[in-house]
Amino acid sequence: MIEDSDRTPLPRAFFDRPVLEIAPELLGHTLIRRTDEGPIELRITEVEAYAGELDPGSHAYRGKTARNEVMFGPPGHAYVYFTYGMWHCLNVVCGPEGRASGVLLRAGEILVGADLARKRRLSARNDRELAKGPARLATALDVDRALNGTDLCADAMAPLSLMQGSRLHPDQVCSGPRTGVGGDGAHQPWRYWIDGDPTVSPYRAHAPRRRAT
């Protein structure tokens with residue numbers, strides 16, 4: 001059973017905890033993207049946790065760089081990275097400042113502003129596919145590196161913010177290995193999703209890249 005949506009902003013204390021506690025609790029919460037054309041609201045349905053310097057799958061595993069420095073900052077901020085030369089992905093910084101960890105927002109259901117999301121996701125066959133996957137989510141919400149470091153706990157005029165959303169029963173939350181993560185981090189069950197939700201992206205195991213000979 002899903003309770004009615006709560007419009008209360010998430011406090012910074014929510015994010016100042018271990019990432020493995022925060023990640024499954026983000027499911028059902030509402031992400032709001034405010035654009036010049038109007039707001040887009042998304043219910044989070046799939047996430048992945050990354051435990052920083054302790055996690056071989058994390059961008060912060062080898063320490064602080066210009067690319068990942070936001071992950072080492074205060075919790076409750078957006079970490080946006082560019083990947084494969086074409087896509088952006090949106091993460092939420094978690095844990096105490098100085099200890100990098102974050103949650104990748106992998107998928108969601110567009111609740112408000114689907115018309116705006118459709119303009120950016122012309123290849124989506126239906127509204128369930130608008131934010132079905134991390135790159136699709138960022139594209140649908142018009143998220144790029146300009147939003148890196150955005151305070152998600154700021155006032156109502158911020159370009160991105162996280163609200164309480166709807167509470168889920170624990171039985172609705174599933175977990176398993178993270179998509180596309182290989183090596184020592186491959187088998188950590190740190191991907192979380194809402195059971196049976198049609199906006200959740202399909203799982204894909206890591207496929208090692210072969211070097212040209």
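Predicted model: local features only at pLDDT ≥ 70, side-chain atom pairs only at ≥ 80, totals over all residues.

Reply: Residues are numbered from 1 along each chain as its sequence is written, and side-chain values use heavy atoms, with hydrogens and water left out.

Me: What makes the protein chain as compact as a globular protein of its length?

Reply: The chain has 4 helices and 9 strands, counted as DSSP runs (H or I of at least four residues for helices, E of at least two for strands, numbered from the N terminus). Its radius of gyration is 16 Å, close to the 17 Å that the globule rule gives for 213 residues, so the chain is as compact as a globular protein of that length; the radius is taken over C-alpha atoms, and the rule is 2.2 Å times the number of residues to the power 0.38.

Me: Why is Val 47 called buried?

Reply: Buried means under 20% relative accessible area, exposed over 50%, and partly exposed in between (1.4 Å probe, protein chains only). Val 47, which is placed in strand S3, has a relative accessible area of 0% and is therefore buried. Leaving aside neighbours within four places in sequence, its contacts (heavy atoms within 4.5 Å) include Ala 23, Leu 27, Val 103 and Trp 190. The C-alpha atoms of Val 47 and Val 103 are separated by 6.5 Å, although the two are 56 residues apart along the chain.

Me: How do you know whether His 77 is buried or exposed, and what does its side chain reach at 3.3 Å?

Reply: His 77 lies in the loop between strand S3 (38-50) and S4, and its relative accessible area is 15%, so it is buried. Its side chain reaches the backbone oxygen of Pro 75 at 3.3 Å, and a polar atom of that side chain lies 3.2 Å from the backbone oxygen of Pro 74.

Me: Why is Tyr 84 called exposed, and which residues form a nonpolar patch with it?

Reply: Tyr 84, in the loop between strand S4 (78-83) and strand S5 (87-93), has a relative accessible area of 62% and is therefore exposed. Tyr 84, Met 86 and Trp 87 form a nonpolar patch on the surface, with about 380 Å² of accessible area together.

Conventions: Patch = residues over 30% accessible without salt bridge, like charges linked within 9 Å, V, L, I, M, F, W, Y side chains within 5 Å. Areas by Shrake-Rupley, 256 points an atom, 1.4 Å probe, with all protein chains shown as cover. Salt bridge = Lys/Arg side-chain N within 4 Å of Asp/Glu carboxyl O. Polar contact = N/O pair within 3.5 Å; in protein donor to acceptor, adjacent residues only side chain to side chain.
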